Amino acid sequence: ITHIEYCKDIKALVVVYSNANIDILFDDEEVYNITDFKNKSLPDKRINGVDVQGTTAYISTVFGVVELDLDEYEFTNTYTTGLNTYCTYLFNGTLFCGTETGMYSCDIDKNLIDKNNWVKKNNYFTKAICELDGMLYCYLDEFGIYSYNASNNILKDVVYNHGEKYNAMYSNGKEIIASAKKKTTIITSPTDVTVYKNSNSNFILKD
């Protein structure tokens, strides 16, 4: 297993495996297996991340983004940008993607299949994007966690890396939790940041 995300709308886990196989695991333990992506003839089917919003799973791949309809158990769109994509986030009608070469965005009312409609927002390796209190936050590899104002395209540092990379960053709606090997960072606002020391941690879940 490489990625797990929960879809509250259908009350199920989206479970992604290293061979690109996908399971939809419901609360009653019923499992629906999706093998379409696994069985495709592609040179590299590596999945870097999954973001679930509503009943859509945005799957970040080495060649772009694939949409999975969790109601119908089928892939609906493939956005082949040619970019090694690590994360996606739908925010105010715009789909943001974090890639090795920077963060890109495209309004969902445009043709997302046309890679010319994707606009580059920065030149930093963006590994995670999430939202808190109507603002986007980005984890930029080698730099740290930044708040991002989508209206004026301004990044503002919140937490510097200080030489240690974060393994994961997510929002639970009340705060952002970022976990590194030796520390866990809790962000409740751009100016309210708490760091806890720990060891050998890849992912922290705060209930």
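1. N122 sits in the loop that connects β12 (119-120) with β13 (126-132), where strands (E, at least two residues) are DSSP runs numbered from the N terminus. The model is predicted, so that local features need pLDDT of at least 70 and side-chain atom pairs count only at pLDDT 80 or more, while totals for chains, interfaces and linings use all residues. Residues are numbered from 1 along each chain as its sequence is written, and side-chain values use heavy atoms, with hydrogens and water left out.

2. N122 counts as buried because its relative accessibility is 7%, buried meaning under 20% relative accessible area with a 1.4 Å probe and protein chains only.

3. The side chain of N122 places a polar atom 3.1 Å from the backbone nitrogen of M103, and a polar atom of that N122 side chain also lies 3.0 Å from the backbone nitrogen of Y124. Leaving aside residues up to four places away in sequence, N122 touches T101, G102, M103 and L155, contact being heavy atoms within 4.5 Å.

4. Strand β15 (residues 144-149) runs antiparallel to β16 and is joined to β16 by six bridges. Within this part of the sheet, I145 stands opposite V159 in β16.

Notes. Helices (H or I, at least four residues) and strands (E, at least two) are DSSP runs, numbered from the N terminus. Buried means under 20% relative accessible area, exposed over 50%, partly exposed in between (1.4 Å probe, protein chains only). A polar contact is a pair of N or O atoms within 3.5 Å; within protein, one must be able to donate a hydrogen and the other to accept it, and residues adjacent in sequence count only if both atoms are side-chain atoms. Two strands pair if DSSP finds at least two bridges between them.
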